Amino acid sequence: MRAEETTLEDVKLIQLPKVMNPAGNITAINGGLDLPFEVNRVYYLYDIPGGQDRGGHAHKALHQLLVAASGSFSILLKDGRASKEFNLKRPYEGLLLPPGLWRELRDFSSGSICLVLASHPYSEVDYIREFKEFKEFKKFL
Ligand code: T46
């Protein structure tokens, strides 16, 4: 589906496999099995000061899986028509985001880590950083 056409209905909160162990659990994310895209970049947000927000943009082509690898945070998503907030707080839950959605990340708990698996290498050209421009991008919705 084209990024211009994606909606909040295309967002999925998925359960990731969890290998339980008294010595500590493991969650593995297998490309080709757990994800609908090929992973070409992994990055993580950390050392986020209290009260700090992240995001405030949309992507034109990037597919992502967001995981609260530690702690918790909220993600407000907008598709140009509606908005929906998710709270990520379990390292075995992932939020699958197609391109074409505005996101605002906030309420990071102390020491939280936002792990992101992404379909493409970093490219500033892929960003829409103005909400007005985003609304224009989604205008046919
Ligand atoms: C999203 C949230 C969860 C790089 O050099 N390489 C990278 O891979 C990334 C992601 C960023 N950067 C540089 C580019 C910017 O100068 O780091 C700076 C901040 O990047 P950005 O505005 O993307 O940061 P966030 O934390 O607001 O957003 C990022 C993702 O871009 C975004 O899609 O969902 O993390």
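## Basis of the description

A residue is counted as near a molecule when one of its heavy atoms lies within 4 Å of it. The model is predicted, so that local features need pLDDT of at least 70 and side-chain atom pairs count only at pLDDT 80 or more, while totals for chains, interfaces and linings use all residues. Residues are numbered from 1 along each chain as its sequence is written, and side-chain values use heavy atoms, with hydrogens and water left out.

## The ligand shell

The ligand is surrounded by 15 residues, the closest being Arg41, Gly55, His59, Arg103 and Tyr127. A polar side-chain atom of Arg41 lies 2.4 Å from an oxygen atom of the ligand, and a ligand oxygen is 2.5 Å from an N or O atom in the side chain of His59. For the side chain of Arg103, the corresponding distance from an N or O atom to a ligand oxygen is 2.8 Å.

## The lining of the largest pocket

Residues that line the largest pocket number 16, and those closest to its centre are Tyr43, Leu45, Gly55, His57 and Tyr127; a pocket is an open set of points on a 1 Å grid over the protein atoms alone, where a 1.4 Å probe fits, with protein on both sides within 12 Å along at least five of seven lines, and lining residues have an atom within 4 Å of a point. Of this lining, too, E3 supplies the largest share, four residues.

Key:
A polar contact is a pair of N or O atoms within 3.5 Å; within protein, one must be able to donate a hydrogen and the other to accept it, and residues adjacent in sequence count only if both atoms are side-chain atoms. Helices (H or I, at least four residues) and strands (E, at least two) are DSSP runs, numbered from the N terminus.
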